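Here is a briefing on one predicted model. Have the sequence and the structure open while you read.

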Amino acid sequence: MATSGDRLGGAGLALVKPGTCAGRAQLAMRHRVREKGRGSRPEAGSVATANTMDIGLFAQYVMNGLMLGMMYALVAVGFTLFFGVLDVIKFSHGDVLTVGAFTALATFVGLSRLGLESQWFDLAVMLGAATLAMALLGMLIARVLVLPLRGAPPLNTLLITLMLGTVLRESVRLFYPQGANPKPFPALLPRGSVNLGDFHLRFDNVMMLAAGVAAIAALQYLLHRTKLGLAIRAVAQDEETARTMGINFTAIVLVTFAIGSALAAFAGVMNGLYYNEINFGIGLYLGVIGFSAAIIGGLGSIYGAILGGFLFAALQTVGTVLLPFASAYKDVFAFAVVIALMAWRPTGLIREKISERV
Amino acid sequence: MAGLLRIESVFTAYDRADVLHGVSLTVEPGSITCLLGANGSGKTTLVRSILGLTPPRAGRIIFDGREITALPTHKIIAAGIACIPEGRKVFPKLTVEENLRVGAYGERSKAAVAARMDEIMRIFPRLAERRAQLAGTMSGGEQAMVSIGRGLMCAPKLLLIDEPSLGLSPLLVKENFNIIRHINARGITILLVEQNVHQTLAISHQGYVLSKGKVVAAGSPDELKDRAEVREAYFG
Amino acid sequence: MTALLEARGLTKYFGGVLALDHLDLAVARNEIVGLIGPNGSGKTTFFNVITGIYRADAGRAIFDGLDITAASAQAVYRAGISRTFQRSRLSLPLSIFDNIMIGNHKHLNQSLWFNLFRRDDFKREFEAGYAAARELVDVFEPHLADRLFEPVAGLPMIDRRRIEICRALISRPKLLLLDEPSAGMTHDETRALMQDILSVRARNKDLAIIIVEHEMGVIERITDRCVVLNFGRKIAEGPYRAVAEDAEVQQAYLGAT
Amino acid sequence: MVAADEKRADLRPALAALGAADAYLIALLAVESTAAVLALLIAGVAAVIVAARFGLVGRVARAFAAHEDTLGLFAVAALLVVAAVFHSDHFVLLLLVTVLLYSTAALGLNVQFGYAGVLNFAGASFFGIGAYAAAVLNTFTAVPHLVVLAIGGLASALIGCLLLLPVLRTRGHYAAVVTIAFALLFKTFLEVNDVLGGPQGMPVPGMALLGWSFNDNIEIGGIRLSFYMSYLVASLLLLVAAFIVVRRLERSWIGLNFDALRLDETAASCFGLDIARWQITAFLIGNFIIGLAGALFGMVGGFVAPNNYTFADSLILVSILLLGGIGNPWGLIVATFIVVVVPEKLQGIQEYRFLLYALMVIVVLLFRPQGLLPRPVRHYFPGRKP
């Protein structure tokens with residue numbers, strides 16, 4: 001998770017030679033804080049140091065991979081929803097996740113101060129506050145930054161939302177109390193586990209996986225069984241015809257952004273519960289992976305996004321297993337496979353039929 | 001003249017070039033009014049102007065006594081206009097039933113939607129057989145049925161039909177025109193935009209001929225049938 | 001070898017839709033052929049198959065003795081076919097001159113060394129290109145001849161369409177494919193445009209043209225022969241007057257009586 | 001063509017603008033307090049807006065278009081004046097060197113993205129490849145340092161070849177992912193690879209030319225110059241060379257090919273353009289220039305570390321392009337000044353500078369989506385009479 005602490009900015013100005021010249025320049029420029037990847041995080045590989053591979057260990061890998069994959073998939077689904085209705089990439093998506101996680105944390109702190117310490121109640125309120133707040137934020141972003149730029153080159157939208165991501169990230173770092181430091185996230189789920197040989201099936205992990213599946217199932221239900229979902233799918237397939245059916249295009253776009261952003265908040269809370277820690281950089285990393293996952297799956301396809309998310313997690317896990325002596329290379333491996341996949345299937349694994357009118 | 005739809009000297013530009021140069025026409029309630037013209041005469045642009053997809057640069061469009069010129073598309077539809085677009089434009093990855101439901105998007109009553117759905121299925125038994133099929137996998141003729149059915153789902157006062165015969169075989173065209181007449185007989189006013197002159201005039205009450213963005217002839221079908229402008233609009 | 005372009009049995013499917021149905025079409029050298037038919041009858045698809053944008057599903061196309069059935073768009077252009085597009089496809093931020101020179105690609109030295117370091121030679125080639133472009137613009141749009149370095153985006157649609165024809169002509173093709181060149185023009189503007197096309201051809205005797213056009217007055221005046229398509233099939237062929245009287249053509253356009 | 005002659009004659013607005021910019025830059029670099037910096041920044045923005053109101057900006061732009069060579073010389077002189085004023089100030093000179101080399105790298109990116117439309121979100125990675133090449137070669141070999149620079153460029157272009165196939169096959173957002181993945185892969189690779197120093201990076205021995213070490217301070221007639229002055233001159237030469245090459249490229253048939261394929265691939269291929277060939281050309285030339293700048297930057301900094309070549313740094317390069325006005329080399333130099341100098345001068349409110357910087361980019365993109373200096377239409381030989 002090396003990227004987690006990177007900040008936009010700080011350009012190459014830190015490239016000062018230490019020691020060669022101890023001027024005021026050096027002092028000023030080396031002020032840049034270097035956030036390093038946090039070793040305390042349980043990663044897919046950290047459970048295994050043994051050379052032998054037994055069933056229990058294998059199950060552990062699978063479980064960790066599934067957890068990662070679920071988070072990636074939830075983020076990727078957002079990207080693909082936005083792209084579906086508006087053909088744009090909203091790159092601040094990952095940082096919306098961060099803000100969502102911090103909103104949940106702030107809610108928890110607030111509840112504790114009020115003396116409300118029932119864990120299920122806390123969790124429900126936290127989740128509700130985070131998803132609701134992020135849904136509103138998502139709508140605001142769509143209204144103010146994304147919709148007005150419809151006529152501009154796609155790259156402008158990409159860059160403007162990237163910059164917005166920086167604004168969100170920096171705001172968390174600067175304005176959340178001690179936001180620059182990693183924050184402990186409360187462990188609100190039951191901590192017990194069932195031990196099956198080397199494999200510890202943790203209840204909280206199972207519950208989170210189940211919640212993720214439920215969220216995706218709820219999204220599927222919304223998209224395929226409700227009138228709103230019908231409108232979203234119609235807009236995604238043919239915006240203009242959808243409008244001539246009386247669908248308020250702008251409203252549908254806003255609702256879609258709300259849904260996607262709420263899912264990101266959900267993933268953010270899940271991330272906090274899984275690692276018991278959040279920092280202002282988590283969203284950047286998850287956002288980039290979620291975007292890659294949505295792309296390798298094939299933009300615009302929900303199934304593609306889910307497939308892409310789990311595929312990416314699988315690649316990281318396989319990278320850990322295949323490179324036992326250098327599991328640090330797992331991200332190198334995963335991204336190299338992403339690049340290779342793009343060469344093989346330039347429009348993603350689940351192909352949208354694209355035909356150009358000449 | 002009252003008219004259900006009145007278009008008053010509309011100018012519409014597309015990419016800095018005027019496509020419509022002051023078009024005026026009236027659609028009487030209960031009628032089938034047709035708009036004839038060769039390719040490129042501006043028919044589709046007029047439909048887009050009415051629907052608010054390409055708002056006019058000048059002129060007024062009045063529907064049911066209310067100006068709709070600058071309204072967003074969904075409000076124009078809500079006012080009681082439905083559209084069967086050129087090329088049918090079914091949603092390819094929605095099922096037949098879902099396509100029809102999108103057509104009734106503005107209708108709040110579930111019972112009304114269900115009733116209309118049943119009615120459409122009666123008109124097009126073929127759609128009833130294929131309720132759950134993805135519309136994109138159907139034949140051109142079946143897609144035409146989906147598109148017409150979808151247009152009827154919101155129980156419009158005015159139905160705009162843009163080139164229903166486009167790309168269809170003569171047999172299907174004939175069938176489609178029968179259906180259009182049938183729809184009209186049930187009290188829905190129709191503005192039929194077509195290039196197929198003879199069959200269109202055969203079912204219309206009133207007609208306009210468009211050429212190079214202007215109305216060059218107007219009148220009853222019998223008057224139009226033998227007018228030189230009609231032939232000229234097509235064969236120069 | 002009489003025909004310049006000979007297409008035999010060209011067939012193209014889009015999904016289940018038959019866009020071109022065993023189309024036979026021949027164009028002689030220096031001939032102007034009108035390609036007409038209702039919307040969606042396969043005219044533009046024919047252009048796209050010939051110019052290598054789409055690959056034909058069956059059939060063959062021979063151009064000037066060369067089999068271009070499976071040729072790339074680049075190869076088709078090099079063989080001597082150039083075209084305009086139904087929806088104008090100029091590069092709007094670029095100047096008039098730039099747009100026209102894109103059409104002259106095969107006559108320009110593309111070596112990196114030449115372009116970067118032999119600037120004197122480059123200047124000579126540039127001046128020759130400028131003179132040629134100016135000459136063409138002088139025919140089609142004399143009022144723009146001194147304004148070749150203005151961006152195309154600032155021009156009205158009518159001017160853009162004419163620039164597009166200049167772009168297609170600058171490489172001195174043997175066959176020019178015009179896809180609705182007069183769309184969006186008034187009758188007078190259309191007439192003037194056709195006059196210009198004829199005057200270019202009067203100077204360049206080797207130029208054959210296939211023109212897709214809805215305005216039949218144009219077709220009648222400038223074509224030697226017409227081919228009428230419906231549902232991707234050829235339903236009539238001959239001089240305009242004859243095909244316009246043809247019952248099947250009448251029915252395709254006006255519908256059954 | 002009276003108007004044209006008038007335009008040709010009038011160099012003065014551009015010279016005045018250069019002079020004003022020079023004075024402004026010196027003032028900005030000289031002031032220390034955050035309040036003064038903020039006041040100067042606001043005054044600068046106001047001055048530009050007022051000048052634009054009165055059509056002065058347009059006249060300057062026209063003068064630059066017609067007299068680029070002359071004004072280019074003046075611009076070089078203006079920069080040397082700034083350098084002379086701060087001749088012993090390491091901080092300012094390093095800042096200027098950074099601007100020059102970032103501008104050079106942005107020029108490379110401009111060829112790829114501004115002209116040919118080939119997305120590259122890994123600019124900083126290719127910059128880093130140049131720097132790491134310099135680090136390895138200067139540490140372990142005796143290759144002459146000028147050759148090292150060239151090898152830095154070549155290494156960057158060569159490693160870029162690994163991405164050619166996916167870059168050529170993908171479009172739009174799909175293409176973005178290829179280079180984003182590469183940027184992340186590259187940084188992670190550096191971090192976990194101990195041979196190249198791991199997360200701590202490795203030192204880069206300074207540049208030496210004909211026995212003269214760039215890392216020594218210079219004494220001329222009793223005046224002591226910062227050692228960064230040598231690097232400044234070298235960076236300036238590199239930027240000027242890159243500028244000339246990129247300009248010539250733009251004003252040639254190849255530049256035309258790039259534009260044609262960026263704007264409409266289908267139309268371009270209908271006029272004989274080999275899309276892949278020109279995309280490869282642009283990608284390789286761009287990476288070469290970026291790598292070249294990176295190699296020199298590595299030597300200037302004396303140190304390379306993975307954290308300096310992150311995805312975030314690549315985004316800075318891209319935002320320089322968009323801020324300056326895609327495709328306009330002058331614009332990107334101006335934008336580099338803003339992007340590099342402003343955050344450094346805002347050390348006083350250092351915590352907030354990235355936030356402010358991001359907000360600034362958003363504001364510019366919302367209200368001036370074409371960038372500060374939009375690219376003018378191409379003139380192959382500026383000033384040539386029609």
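In helix α2 (residues 55-86) of chain A, the 32 residues should span 46 Å at 1.5 Å a residue, and the end C-alpha atoms are 45 Å apart, which agrees. The expected span of a helix is 1.5 Å times one less than its number of residues. Helices (H or I, at least four residues) and strands (E, at least two) are DSSP runs, numbered from the N terminus.

This is a predicted model: local features need pLDDT of at least 70, side-chain atom pairs count only at pLDDT 80 or more, and totals for chains, interfaces and linings use all residues. Residues are numbered from 1 along each chain as its sequence is written, chains are lettered from A and ligands numbered from 1 in the order in which they are written, and side-chain values use heavy atoms, with hydrogens and water left out.

- Just after α2(A), A:Asp87 has a positive phi of about 55 degrees.
- Helix α16 (residues 329-345) of chain D has 17 residues, which at 1.5 Å a residue should span 24 Å; the end C-alpha atoms are 24 Å apart, in agreement.
- Because 15 of its 17 residues are buried, α16(D) is largely enclosed by the rest of the structure.
- D:Asn328 caps the N-terminal end of α16(D), with a side-chain oxygen 3.1 Å from the backbone nitrogen of D:Trp330.

**Chain A as a whole**

- Chain A contains 12 helices and 4 strands.
- Of its 358 residues, 60% are buried.
- A contact means heavy atoms within 4.5 Å. Among contacts in chain A between residues at least 6 apart in sequence, 74% join residues at least 24 apart.

**Confidence**

- The mean pLDDT (the predictor's confidence in each residue, from 0 to 100) of chain A is 81, and 82% of its residues reach 70 or more.
- Over residues 1-51 of chain A the pLDDT stays under 50, and the model has 121 contacts beyond four places in sequence for them.
- Residues 353-358 of chain A also have pLDDT below 50, with 14 contacts in the model beyond near neighbours in sequence.
- For chain D the mean pLDDT is 89, and 97% of its residues reach 70 or more.
- The predictor gives the complex an ipTM of 0.86 and a pTM of 0.88.

**Between chains**

- There are 5 pairs of chains in contact, and chains A and D share the most contacts.
- Chain B and chain D are joined by no contact, and their closest C-alpha atoms lie 18 Å apart.

**Nonpolar cores**

- A nonpolar core is a set of buried Ala, Val, Leu, Ile, Met, Phe, Trp, Tyr and Cys residues joined through side-chain atoms within 4.5 Å.
- The largest has 362 residues, and the members that touch the most others are B:Tyr234, C:Phe97, C:Phe140, D:Phe121, D:Tyr231 and D:Trp253.
- Helix α6 (residues 90-115) of chain D gives this core its largest share, 18 residues.
- Another core lies apart from it and has 30 residues, including C:Val76 and C:Leu175.

How values were computed
Buried < 20%, exposed > 50% of the residue type's maximum accessible area, 1.4 Å probe, protein only. Polar contact = N/O pair within 3.5 Å; in protein donor to acceptor, adjacent residues only side chain to side chain.
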